[in-house]
Structures are given as C-alpha cells and as structure tokens.
Amino acid sequence: MVSKTNFRVRVMKYAHQLLKSTHKSWRYCLLKAWELYRLAKKMREGVVKFVFEKADGSIRTASGTLVNVPA
C-alpha cells in the first residue's frame, strides 16, 4: 500500500533541507519552505514567474511549470 505524505510533512522536509544547506534560522527556513510548497502548487496549474536567490547570493528571475506538455 502506498502511503501519501501529508503536506505538512512535505513542508517540514523542505525546511530541514534548507536548514542543512543554508545554515539560516529555523524560522527563516520554515517560511521559505511554505513559500516553496505554495510555488510548487501553483506550478502544477501552469507557468509561474518567480524570483530566487542563487547559491552565490545573486538574485534571479525565472519562469517555470510542472505541467507535462504533450510533444
């Protein structure tokens, strides 16, 4: 039987990954994890424009989607 994870569990996993990789405060990581969850939810509906901070600290604007488009 396949167990479907609760959305809160997914957000907490995002937050832990962010905490390990960025070494920022737990509060900041949890805030960003919720933003990632909402972004992924919108990306499943269509193309979304978003801004993110790269590993070197620079800011980048991008657009993306998680919708499979038939070829």
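The model is predicted, so local features need pLDDT of at least 70 and side-chain atom pairs pLDDT 80 or more, while totals for chains, interfaces and linings use all residues. Residues are numbered from 1 along each chain as its sequence is written, and side-chain values use heavy atoms, leaving out hydrogens and water.

**Whole chain.** Show the cartoon. Look for 2 helices and 2 strands (DSSP runs: H or I of at least four residues for helices, E of at least two for strands, numbered from the N terminus). From the N terminus, the order is α-α-β-β. The radius of gyration is 14 Å, well over the 11 Å that the globule rule gives for 71 residues, so the chain is more spread out than a compact globule. That radius is taken over C-alpha atoms, and the rule is 2.2 Å times the number of residues to the power 0.38.

Select residues 7-22 for helix α1, then residues 26-43 for helix α2.

**Rings.** Now show Phe7 and Trp34. They form an edge-to-face aromatic pair, 6.1 Å centre to centre with 65° between the planes. Rings of Phe, Tyr and Trp (its six-membered ring) pair if their centres lie within 6.5 Å; planes under 30 degrees apart are stacked, over 60 edge-to-face, the rest tilted. Phe7 lies in α1 and Trp34 in α2, so the pair ties together parts 27 residues apart in sequence.

**Surface.** Buried or exposed? Buried means under 20% relative accessible area, exposed over 50%, partly exposed in between (1.4 Å probe, protein chains only). Phe7 is partly exposed at 32%. Trp34 is partly exposed at 27%. Buried residues make up 15% of the 71 in the chain.
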